[in-house]
Amino acid sequence: MQTALLYSSPPTKHKFFVAEESLKIADMDTATFTDTGRGCFGVNIADFLHRPLFPELYMRICVKKLAALNPPHCQLRFVFYHAEAQTKFLLQPIEPDTCVSLIKQCRTFRSLQSVHTSMLKSHLQLNLYFSTNLIAQYASLGSMSHAYTLFSTFQSNDVFLWNVMIQGFVDNGLYYPSMLLYSQMRELGIQPDNFTFPFVLKACGCVKDVKFGVIVHGNVMEFGYVSDVYVGNSLISMYGKCERLDTSRLVFDKMPQKNIVSWSSMIGAYAQNGHYEEGVSLFSQMLGEGIRPNRAVILNVMACVNRGNEADYICRVVIDNGLDFDRSVQNAAMVMYARCGRIDIARRFFDGILEKDLVSWASMIEAYAQADLPLEALKLFKQMILQRILLDSVTLLSVVCACSNLASFQHARCVHGIITRRFYKNQIALETSLIDLYVKCGSLVYARKYFDKMQERNIVSWSTLISGYGIHGNGREALYLFDQMKASIKPDHVAFLSVLSACSRGGLIVEGWECFNSMSRDFQVTPRPEHYACMVDLLGRAGRLNEARDFIERMPTRPDAGVWGALLGACRIHGNVELAEVAARYLFELDANNPGRYVLLSNIYSSTGKRNDSDRVRALMKRRGVRKIAGHTIIEIENKVYTFVAGDQSNPQTNLIYTELEKMINRIREVGYVPDLNFVLHDVEEEMKEKMLNVHSEKLAIVFGLLNTRPDSIIRIKKNLRVCGDCHTATKFISKVTEREIIVRDAHRFHHFKEGACSCGDYW
C-alpha cells in the first residue's frame, strides 16, 4: 500500500512550501499515522479520498495531527510516494537562489500556484527577474490568464518581460492578443528588439494579416533589424503564409546572411503557394552552394515534388545526408511518391518502417485516398484497428476522404459509428468531414441531420452543406441555408463559391447575380477567378452565351482555365461551335494537358456533324501526348465494390447482366425511350451505335444493382466522368418501369432518379 513518509528534523519556523501538486484528501482528523522509526511517521494514502484542500490548510492539519508525536517547533518534510507522481511538501522558506530552479521544475498548474504562493510570502514576486520566469512558466503550462494577470501588475518597460508575454500568447495560439500587446508596447514607447519581431510576425502569418505584417516590417526597418537573420526568416515565412510570395522572395534575396532556416522558409513558402517547380529549383540552388540540408528543408521540398524523377532525386539527397532513417522523412516520402503516381514505392516505404507511428499509418491511408484507391485505404485502416493503434482525428479525416472517393454509404455509416464510439465530439473539422461524406454518398438527409446536431459550426461547416445542396440540385435550399448563415457568420470566398455553384446548377440567374454583387458591396469579399467561372457557368447553362462572353471581357483580371472551361461546357450544351472554338483556343494554351478540354471540343464537333474537325482535335491530343481518361462506373453491394467499364465482360454475372439489360432496353422502349445516337462518337453504322450505347458502364452497373439488391432499396452508382446524356435519359425510364430510386454521382453533381424524373430537371 502506498504511504506518505513524514521526516522529523531540527526546529525551525513554520514556513512551508509545496513543490508539487497537492493530493485530494478526506478529513485528516481521521487519518492514521504510524511510527516508522528514526523519527519518521507514515500515513495511509487510502485515507486521502476526494475532497481537495489547499496545500497550506493540508499542512496545518498535518502539523496539528502530529503535535503529539513530534517535538514542537520542528521542521517537517513530507514525501508522498504515489502511483502516478512523487509529491513533495517542504515546510521551509523559499530561497532566492533556488527560486527560478523550483519554478522551472513545476510540471502542473497547481504546483506552480504553490510556488507562487510561497513567493508571495517571501515577497520574491516583487523581483522582476523571478516574476518574469514565473510568467513564462504559467504560459508554458497554458495558463495565459494567470500569466497576463501577473504581467499586468508590473508597470515595466522591460522589453524582455514584454517578449515573454507576447511569446506566451503566440505559443498558445492566441495570435490576435499577441498582436494587440505588441501595439500597446509600441504606444508606450517600448522599443522592440530582434526577439520581439519573430513572435509577432509568426502571429501575423498564422492569421494571414498582411496589413499588420507590413506595419511590423516597417518597424523592423525603423529599428535596424533588417540584417538580422532570424527576423528575416520570420518575414519570409509571414509573407509566404499571407500569399505574398514575391515579397517573401524579395526579403530572401536581400538577406546579407542566410542560414539553413532561411532556405527552408523560402522553399516552404513556395510549397504553401503551389509554386512547386520554384521550390525544387531553389533546393537545387541551395545544394549547389554547398549547404547541407536538414530534416525541415527535406520535408518542405518533398511537399513541392510532383514528378517521379524529382522524387528519386530528393531521395538520393536524403540518403547521402543520412536522413533516410528519420521517420518523419519516411512518412513524407510516402505522400510524395503517392502524389507522383508511384503508390507502389509509397507502400514500400511504409512496409520498410520498422516502428510505425500514428503518422505512418495516417500518411499511407492518405496516400491511398489521394491516389483514388479508397478500397486500399480502408483495407489498411482495418489492419490499423486490428493492431490496436490508437486513432486520432487526422487519421479519421483520411479515412473519411477515402470513403468520400468511394461514395460508399455503407462504409460511411461504419466510419461514423467508429467516430461516435471513440467519442470524437466537438471536433469541427471531423464533424464537417462527415457532413461532406454523407453529401458525397448521396444522402442529404443524413448530412442535414448531422449538421443540425453540431454544437458548434464554423464557416466551413455551413459552406459544406450549402455546396451539398447545390450538387444535389437543390439550389433554393442552398440559398435559404446561405441566408441563415449570414445571420451569424460573415461569408467568405468559399461560402460564396458554394452558393454561386448552387445557383448555377439550379438555373437561379437573378439570385446568382444578387449573391455575386453582394460579395464586394456588402461583405468586402473580392471575387476570385472561380467566382467569375461560376457566373459564366450560370449564364452559359441558361443559354446566355453572348452575355457570358461579354462578362468575361469585362473581368478585371485575366480569365483563367476555369472561366474558359465553363464557357466551353456551355457551348456543348447549346451546340455553339464558333464560341467553343474561341474558348478552346485559350484552354489549349492555359490547360494544355487536360484531356477533358480536347474531348469536349471533339464531342461538340461530332454532335454537329463536323467529323473532320473532331478527328483533327483527337489527332492534336495524340501529338501532345494527352490521353483521355477511361470512363468507369462503380457500385457497392453488401460492402463489396464492383467496377464496370463500357462493354465490360469481367463480372461473374456477365451473361445474366447482358440478358437482363436487353430485356430492360425493350421495356423502356415501350414507354418512350429513344436512344440518342449523338453520344456515340465513332463513325459506325446506326445499329452498331445503338449497341455501343447499350453497353455503357452506367447501364451495366444499374442492371447489376437491380439483379442483386432488394426491390425496395436505393441503387447508388458513381461515374468517374460526366454521366452520358443517353444514359441519363435511359435511367429516368428505368426508374419509372422498375419503381426504384437510382442515385448517380458523376464528376460534377448528383442525379436522383425517381418515377421517371431526375432531380436536376434535365438542367445539367
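**Ground rules.** I am working on a predicted model, where local features need pLDDT of at least 70, side-chain atom pairs count only at pLDDT 80 or more, and totals for chains, interfaces and linings use all residues. Residues are numbered from 1 along each chain as its sequence is written, and side-chain values use heavy atoms, leaving out hydrogens and water.

**Confidence.** I looked up pLDDT (the predictor's confidence in each residue, from 0 to 100). The protein chain has a mean of 82, and 84% of its residues reach 70 or more. Over residues 1-91 the pLDDT is below 50, yet this stretch has 181 contacts beyond near neighbours in sequence. Contact here means heavy atoms within 4.5 Å.

**Fold.** I found 37 helices and twelve strands in the protein chain. These are DSSP runs, numbered from the N terminus: helices are H or I with at least four residues, strands E with at least two. Of the contacts between residues at least 6 apart in sequence, 65% join residues at least 24 apart.

**Burial.** Of the 764 residues in the protein chain, 49% are buried. Buried means under 20% relative accessible area, exposed over 50%, and partly exposed in between (1.4 Å probe, protein chains only).

**Pocket lining.** I then checked the second largest pocket, whose lining divides into five nonpolar, three polar and five charged residues. Ala, Val, Leu, Ile, Met, Phe, Trp, Tyr, Cys and Pro count as nonpolar, Asp, Glu, Lys and Arg as charged, and the others, Gly among them, as polar.

**Valine 460.** I placed valine 460 in helix 24, residues 459-471. Valine 460 is partly exposed, because its relative accessible area is 44%.
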